[in-house]
Amino acid sequence: HEGEHDAITPYQVWLAVVVVSTLSYASYLVQRFLAPRHGLLYSAALGGLYSSTATTVVLSRRARASGGAPMLDAALVLSTSVMFLRILIVVAIFNLDLAKVLAPSLLALLVGGLVIAAALYWRGNDARPQGADEVLPPSNPLEIQTALVFALLFITLSLAVGWARAEFGEESLFVLAALAGITDVDPLVLSIAQEAHGASPLAMGAAAILIAAASNNLLKGAYTLSFAGRAAGGVPALALLGLALGGIGAVFLTLGLA
């Protein structure tokens, strides 16, 4: 099997870029042209399909400017909750068996996030923060530099996954997953989805994807505190920490350690 995981074909790179760009672009179009007329939460949910990290930064800056609001707190958690659905969709396109292993954890995290977002929303009132209907995506995902960066990340992470597995064993995937969570989750998710087969590799791959998502949620919690400030960002950051811990708990369940 040596070298089997190291061979990244142009077709794999093209397919990965096309699938993720198509999903992102569909969300981008709806968010840009329809969501502003339907409210903040609608826009935040679509932002989660497009890029939950970018949406977190936009919403956190708005929270600082407005002094915070329950609706903004709910929107921050909602965008991250939708990320779990995005991951499941992307994995299912490339590896249905892996998606079946991931589905219970990702759907539980999705539901948990929606419950938290609803609780944050209902603890407030109907007051809407100024400019709430204008949460636009930061850039077109079909711009050439966006696609190139994604392709380079995908190639780099795919090669790193193959090398780490050959040199250090399957467990090394977890370290890469944690690091990938602070850059972009999608390239790692696609790399694992295209390679994970068999009962044990499926469980290991699913656990790695959950670790990457948890790491990304920790990053978004830090972004929330940084861009919104402690007063306006403390509550949503705590909620994102809770989702990250939930993801780590799902890792132990997936590996049969709990």
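**Entry 1: overall make-up**

I noted before anything else that the model is predicted. I then looked up the secondary structure and found eight helices and zero strands. Read from the N terminus, the order of elements is α-α-α-α-α-α-α-α. The protein has 258 residues, and buried residues make up 51% of them. I also looked up the accessible surface, which comes to about 11,600 Å². Carbon and sulfur atoms hold 67% of that surface. For contacts with a separation of 6 or more, I found that 80% join residues 24 or more positions apart.

**Entry 2: nonpolar cores**

Which residues have the most contacts inside the largest nonpolar core? I listed F84, I87, V91, L98, L102 and I209, in a core of 49 residues. I next looked up which elements give two or more residues to this core, and they are α3 (70–94), α4 (96–122), α5 (144–168), α6 (172–180), α7 (185–195) and α8. Helix α8 gives the most, with 15 residues.

I followed I209 in more detail. Leaving aside neighbours within four places in sequence, I209 is in contact with I87, V91, L98, L102, V189 and I192. Another core lies apart from the largest one and has eleven residues. Among them are A44, L59, A63 and A228.

**Entry 3: aromatic pairs**

How many aromatic pairs does the structure hold? I found two. For each I wrote down two values, because a pair of aromatic rings is described by the distance of the centres and the angle of the planes.

The first entry is Y121 with W122. Their ring centres are 5.0 Å apart and their planes stand at 80 degrees, so I recorded the pair as edge-to-face. The cut-off for that label is an angle over 60 degrees. I checked W122 for accessibility: its relative accessible area is 66%, so W122 is exposed.

The other entry is Y223 with F227. Here the ring centres lie 5.9 Å apart and the planes are at 65 degrees, so this pair is edge-to-face as well. Why are Y223 and F227 separated by about one helical turn? They are about one turn apart because they sit four residues apart in helix α8 (residues 199–254).

Are Y223 and F227 buried, exposed or partly exposed? Y223 has 28% relative accessibility, so I put it down as partly exposed. F227 has 23% relative accessibility and also counts as partly exposed. Buried would require under 20%.

Note on methods. Residues are numbered from 1 along each chain as its sequence is written. This is a predicted model: local features need pLDDT of at least 70, side-chain atom pairs count only at pLDDT 80 or more; totals for chains, interfaces and linings use all residues. Side-chain values use heavy atoms; hydrogens and water are left out. Rings of Phe, Tyr and Trp (its six-membered ring) pair if their centres lie within 6.5 Å; planes under 30 degrees apart count as stacked, over 60 as edge-to-face and the rest as tilted. Buried means under 20% relative accessible area, exposed over 50%, partly exposed in between (1.4 Å probe, protein chains only). A nonpolar core is a set of buried Ala, Val, Leu, Ile, Met, Phe, Trp, Tyr and Cys residues joined through side-chain atoms within 4.5 Å. Contact means heavy atoms within 4.5 Å. Accessible areas come from the Shrake-Rupley method with a 1.4 Å probe; for residues, only the protein chains shown count as cover.
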